[in-house]
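Trainee: Hi! I'm new to this one, could you walk me through it?
Mentor: Happy to, let's look at it together.

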Amino acid sequence: MSDRIDPMDVNPYLPEFMREAAAAAARTPVSRRQFMKIAGFVGGGLVLGFTVGTRSAAQENGHGAHGDAAFAPNAYVQIRTDGTVVLYAKNPDVGQGVKTALPMIVAEELDADWSTVRVEQAPISMALYGAQFAGGSMSVAMNFDTLRRAGAVARAMLVAAAAERLGVAAEELSTDAGYVVHRASGRRVGYGELAEAAAKLPVPDAASVPLKDRNDWKLLGSRVTGVDNLKVVTGQPMFGIDQRVPGMLYATYTKAPAIGARAVRANLEHVKSLPGVRDAFLLEQRGNPIEFNPASDAHLSGVAIVADSTWAALKAKRELEVEWDETHASNDTWSAAVADAKRLAAAAPQQTLGETGDVDAAFASADKTVEGFYTYPFLSHADLEPQNCTVWCKDDGTVEIWAPTQTPQNAVTAVASLLGVSEENVTLHQLRGGGGFGRRLANDSVVEAAAISRRVGAPVKVQWTREDDFAFDYYRPGGFHSFKAAIAGGKLTAWQDHFITFTRGGPMPISTANLSPQEFPANRVPSSRIVQSMLPSRIPSGPWRAPGSNAIAFAVQCFLHECAVAAGRDHVEFLLEVMAMEPPARPGPRGFGGAGGPGGFGMPGLDTERATGVIRLAAEKAGWGRPMPAGRGLGLAFHFSHQGHFAEVAEVSVDANRKVTVHKVWVAGDIGPIVNRSGAENQAQGSVVDGFSTAMGLEVTFENGRAQQHNFDRYPLLRIDRAPEVEVHFIESDNPPTGVGEPALPPAAPAICNAIYAATGHRVRTLPLTREGFTV
Amino acid sequence: MQLNVNGRSHDLGDIDPTTPLLWVLRDTLGLVGTKYGCGIGQCSACTVHVNGAPVQSCQLPVQSVEGMAITTIEGIAAEDGTLHPVQQAWIDEDVPQCGYCQAGQIMSAVALLARTPAPTDADIDAAMSRHLCRCGTYNRIRKAIHVAAERIEKTGSAA
């Protein structure tokens, strides 16, 4: 593996901080990843932390191995003398299941008894855990090796302690579900009994400890129910919104209906006179909050109402009257953008992103050319738990944060910057997020809570309303693809995409509105041309589940199907043929990769063999080619993103009233070995439902800078009565395990749209489907 | 004002009688299992039982339920802590992803099985379509309801 990793190779659609974190993790060889004992915690026993390189980073952070530190559970593994095994989950859980999956990896190598393992959310420490975030489907891929070794190192120390205790050689010992076992004599010693002695032993080199053969895995690959499920089904406090602190006040923060407007004055005296209201005040805009940046301390201009209860604050908000200055507000309007995009598509492109082969010659010699103009809208994340955060700026200058954030380290940075305190004085408690989907990568609600808590000098929970959540999102950007393809001899010979996207000005698109010139199939077809034109926009945008891919897959995979139909070919065979084309040599300024390119953080990229495997498997499971009654059809799509290869086949019928029923979707995925089978299947099923839900009826349109969808009545998420059955199959190839929170989503919409074509002959080129007259 | 929640009577003092039941449960009584999702009766994350029937607590002024028997997600397990079969099925089938909507979903499923012990898929659609799950756990919700129904039939009791 090269130690020079270009962050763009990770995934060109992810935010910069994620690509850097992944590249940094990939650059660190195993030999520099070492574990250290952490002493001095309550209860005695063995505690192992993890550090990169020397041990000094952790020691400087005050969690030294000298035994005099305060209780510092900064570790992946704690084995207490009473036998309790505590495993720390480093990254936030927003529904993707890493609080279960990551500790499972440790437990496998530790040979812990999973039924007695306790999982806790880790504190925030870059020194001991490296980057902590939930995004890019990277948790398993980035941490698999480290977590295995954490478990294996602890196990080796327990075995060494047992060897001393029993007076036998370590080689004669094995481990089983929380015990070291001496096979010859049948003696068994529990981990708890060994913890104190193990803690006194030297820590073995992480690179030297033996790891289990994959065939010997017991826990990994099994079905494990989520570690917080008991809390979920009994309603115990766990989400951000559930946080209560003694003396806590409840706040709402009202921002301008038009993005970028400024609050001039408000009827504050009246609002302050209302029952239960403690205070009301204006906050000036800080920085540039419309640009997505998890570490940003920026916030919009607005009016805070601080009250004794959520309801007192919400009721007072109804009587709030604000005068807004809209001089610098956005006046973006979606219908105007659509018209402008069509105009731009007909003109010469502004930029060339990539070109290979002789595209013009390929079109000149084509039997057929195919053209299609594809449109997809802006989207909201619509996490079911509206944004919220609790912050306490204390009198002694320290700050405590309780946040359901996907980027806790960035939240600490943002609050420290806002308040002008050092990050050491900021403590953040990771709370579960009621959905993430990328929305909680941004810490805007955290910054608002910090600003309001500082002003009132008390712990404050800022609670966004559902309407706030829709009006102030970092939206999935809409976009347009004007495609043209050449078919000769039944084969795809040229591929051209004129991509119309948005910019604030300058050469770069807004967040996650970019297109990689190596996006499949441009990286396979002999001649391809990827060009771009941009429209100005002041709409905030940011990562939305499978950024980039969630939209690009729809356009690309549907247009490829158009090409297959035009070529008179079976879709499966046509897709496999394109997949197997020799990629042309491609000189270029940088190695654009990720979705369709060379892969990321040392992981293999789009792999023809893996892609072929999942395409064939999905087709086989769905009974591809079987006869269908009129009005019913099968549709296929494939997409590679987040290191995951996924193919999906949808069976869809459309009735005379254009009502769409998705009967079933077959998913075939290759993400390497499965960590938690139950969790992985759940993510894949949910991704397909999300993909259909979104494609069917969801869009955020803007009129004069104002989002027109304010609640679920106009943003109709799919309900159970219209949800398809989703059957999931994994090819557990011998590749490193990678994430599954995102890559199953992109193929869902194009598979369904291609099935609609098969059922009706109607080619869907605009999402949502309601725009083309379909209903659910 | 007195409020009867999970078999206990609570004195709410001089609370604003227009306060939605949702916020009384969450802020006043600290029963935070019942969730705020939309505030307009679209998502049903706030579902509780009033006299045994599932209702959206964000739509109910607290004064309208005075004297009625209110049950929340915190109150459906048996007193000895034994989970309701619906709760147990939710764990066994690993239904939740983020888990935020699930308290509301479970409350509707419990009410469904109380009146329709062996629901068809159509019964489940009718009873559960008021709920939104942003994570898309619908396949497993359906399965878990069937599993819970079978177990209740076998044991002859709901808890």
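Trainee: How many residues of chain B are in contact with chain A?
Mentor: On the chain B side there are 48, in contact with 49 residues of chain A. Contact here means that the C-beta atoms of two residues, placed from the backbone, lie within 7 Å. Before we go on, this is a predicted model: local features need pLDDT of at least 70, side-chain atom pairs count only at pLDDT 80 or more, and totals for chains, interfaces and linings use all residues. Residues are numbered from 1 along each chain as its sequence is written, while chains are lettered from A and ligands numbered from 1 in the order in which they are written.

Trainee: Which helices supply the side of chain B that touches chain A?
Mentor: In chain B, α1 (21-28), α2 (85-92), α3, α4 (121-128) and α5 each supply at least two residues of that side. The largest share comes from α5(B), with five residues. Helices are DSSP runs of H or I with at least four residues, strands are runs of E with at least two, and both are numbered from the N terminus.

Trainee: And how do the residues on that side of chain B divide?
Mentor: They divide into 24 nonpolar, 15 polar and nine charged. Ala, Val, Leu, Ile, Met, Phe, Trp, Tyr, Cys and Pro count as nonpolar, Asp, Glu, Lys and Arg as charged, and the others, Gly among them, as polar.

Trainee: At what angle do α3 and α5 of chain B pack?
Mentor: Helix α3(B), residues 102-115, and helix α5(B), residues 138-155, pack at about 40°, with their axes 11 Å apart. That makes α3(B) oblique to α5(B). Angles under 35 degrees count as roughly parallel, over 145 as roughly antiparallel, 65 to 115 as roughly perpendicular and the rest as oblique. The axes are lines fitted to C-alpha atoms, for helices over the stretch in contact, and angles run from 0 to 180 degrees between N-to-C directions.

Trainee: Which residues make that contact between α3(B) and α5(B)?
Mentor: From α3(B) come B:Q105, B:A109 and B:L113, and from α5(B) come B:I141, B:I145, B:A148, B:A149 and B:I152. By class, the contact of α3(B) with α5(B) has seven nonpolar residues, one polar and no charged.

Trainee: What does α3(B) lie across?
Mentor: It lies across β3 (47-50) and β4 of chain B, running at about 35° to β3(B). In chain B, an open sheet of five strands has the order β2-β1-β5-β3-β4, with mixed pairing. Two strands pair if DSSP finds at least two bridges between them.

Trainee: Which strands stand at the edges of that chain B sheet?
Mentor: Those are β2 (8-11) and β4 (53-56) of chain B, each with a single partner strand, so one side of each is left without a neighbour in the sheet. Neighbouring strands of this sheet are turned by 40° against each other on average, direction ignored.

Trainee: Switching to chain A, how many helices and strands does it have?
Mentor: Chain A has 19 helices and 28 strands. Its radius of gyration is 27 Å, close to the 28 Å that the globule rule gives for 776 residues, so chain A is as compact as a globular protein of that length. The radius is taken over C-alpha atoms, and the rule is 2.2 Å times the number of residues to the power 0.38.

Trainee: What is the strand order in the open sheet of chain A?
Mentor: Five strands of chain A run in the order β14-β22-β21-β20-β15, with mixed pairing. At the edges stand β14 (351-356) and β15 (368-376) of chain A, each with a single partner strand, so one side of each is left without a neighbour in the sheet. Neighbouring strands of this sheet are turned by 15° against each other on average, direction ignored.

Trainee: In which sense do β21(A) and β22(A) pair, parallel or antiparallel?
Mentor: Strand β21(A), residues 491-503, and strand β22(A), residues 527-536, pair in the parallel sense over ten bridges. The bridge partner of A:H498 in β22(A) is A:V531.

Trainee: Which helix packs on that sheet?
Mentor: Helix α10 (residues 334-346) of chain A does, touching β15, β20 (479-488), β21 and β22 of chain A.
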